Amino acid sequence: AALESPFLHLACSMTVQSKEQVYGHAYPDEALGFRSHFSSLLFSGSWGLTALEAASLASLFGAAALVPKVKLDVAGSMPFKEFARFLLTKALVTRVYNSYLEAVFFAFPKYRTQPSREHALQQKKDLCGRDVEQLASIHRHDGFTMMSQFALNLTLYFGVPGFFPGSAATAQPMHEKLLRLLGNHYVMSFGMYWMHRALHVVPIMWDKIHSFHHWARHPLSRNTYQDHWLDNFCNAIVGHGFAQVLVPLDNSTFWFSHIFRIFESLEKHSGVSCGFNVAHTMQRWLPFAQMPHHHDWHHEGHKGCNYTFSSLGGVWDCVFGTRKAGRAADLIEGNATRWDKQPSLGRRGKSILDHPVVCVSPVIAVGVAAGLKLHRDGLRIL
């Protein structure tokens with residue numbers, strides 16, 4: 001069982017308490033050791049949702065054990081049993097790495113991206129800035145996210161042969177693996193950049209979907225997937241979905257890409273920006289690479305300041321004029337990137353790129369390209 005601190009139960013677990021509970025700001029005693037800061041491993045802080053997730057994953061392993069392989073395994077895809085292991089691994093990595101990052105946040109305050117005074121909330125809110133009603137809504141959407149993602153993965157496995165790639169008879173050369181990985185990640189980040197930007201500037205998408213995620217003004221890694229379920233669903237399709245169709249990865253690189261993406265997503269919401277961020281440290285050599293303090297700034301202002309929409313790297317924020325150094329100047333020396341030392345953007349005014357139609361168009365274009373390629377290849381990944 002995970003070592004738990006009363007300050008670190010997943011935020012949504014607070015919804016079971018009385019609505020009269022006053023949410024005060026309090027940090028754990030700094031004298032506590034690193035091992036005392038690990039948060040709950042429960043899904044959304046709930047035994048019920050954790051049991052439902054466990055039952056869903058167990059059903060996959062049960063099917064793999066009881067149903068003949070010829071009826072389950074899809075040609076060109078990883079065996080169904082490996083598919084089950086893949087989903088289980090992603091769930092475990094997400095939980096464990098979230099706990100690690102929150103332990104870093106509380107055990108090493110010098111690496112925090114926002115000073116403690118920014119978290120000193122005086123209202124009935126959790127440490128991240130969300131009130132009781134918002135936490136209850138997020139808790140419901142956590143359940144919808146889990147079920148919709150599970151259904152999407154099953155649909156892709158059986159409906160798009162090769163999406164979850166099997167082991168090839170001939171291994172790709174290492175240079176080809178690396179080039180495909182870079183290409184896949186830049187295609188993924190391009191689609192997600194415009195999807196993310198559209199979620200901010202298209203009024204109905206902000207009001208009804210993405211604003212849920214930005215209830216957390218002072219994010220911790222637990223906030224990463226705490227969104228409206230449709231936000232997570234669309235990100236899965238526009239991100240890994242379109243990228244795997246357009247720039248397919250082989251089996252081992254596919255595994256690496258998904259685990260790396262989990263690390264990167266959790267880190268940019270972690271509230272710390274330093275060498276403890278494994279994925280961001282690994283990608284600092286990329287042009288205009290970002291660190292978690294860039295995305296943290298994205299959460300601070302109205303509609304997140306409308307800066308730093310990129311996932312993976314940061315080149316698209318530079319290309320399309322939305323890069324912001326944020327609190328880089330307040331970080332310990334060596335944790336800001338070399339690009340942070342360049343003149344930063346001032347207050348960004350609206351441009352033609354913020355028009356709702358313009359923002360949505362690149363997402364549609366990437367989707368059309370993926371659809372045409374699937375149609376050409378007979379609804380399979382070659």
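What percentage of the 382 residues in the protein do buried residues make up?

## Overall picture

Buried residues, meaning those under 20% relative accessible area, with exposed over 50% and partly exposed in between (1.4 Å probe, protein chains only), make up 53% of the 382 residues in the protein. This is a predicted model, in which local features need pLDDT of at least 70 and side-chain atom pairs count only at pLDDT 80 or more, while totals for chains, interfaces and linings use all residues. Residues are numbered from 1 along each chain as its sequence is written, and side-chain values use heavy atoms, with hydrogens and water left out.

The secondary structure comes to 12 helices and zero strands, where helices (H or I, at least four residues) and strands (E, at least two) are DSSP runs numbered from the N terminus. Among contacts (heavy atoms within 4.5 Å) between residues at least 6 apart in sequence, 77% join residues at least 24 apart.

## Surface

The accessible surface of the protein, computed by the Shrake-Rupley method with a 1.4 Å probe, comes to about 17,300 Å², and 65% of this belongs to carbon and sulfur atoms.

Leaving aside neighbours within four places in sequence, Ser 137 is in contact with Phe 212 and Trp 215.

Gly 183 is found in helix H5, residues 174–201, and is partly exposed because its relative accessible area is 26%. Although Gly 183 and Leu 249 are 66 residues apart in sequence, their C-alpha atoms are 9.7 Å apart in space.

## Cysteines

If a disulfide is a pair of cysteine sulfur atoms within 2.5 Å, the count comes to zero. Cys 274 is buried, with a relative accessible area of 1%, and Cys 359 counts as buried at 0%.

Rolling a probe the size of a water molecule over the atoms shows where empty space is left.
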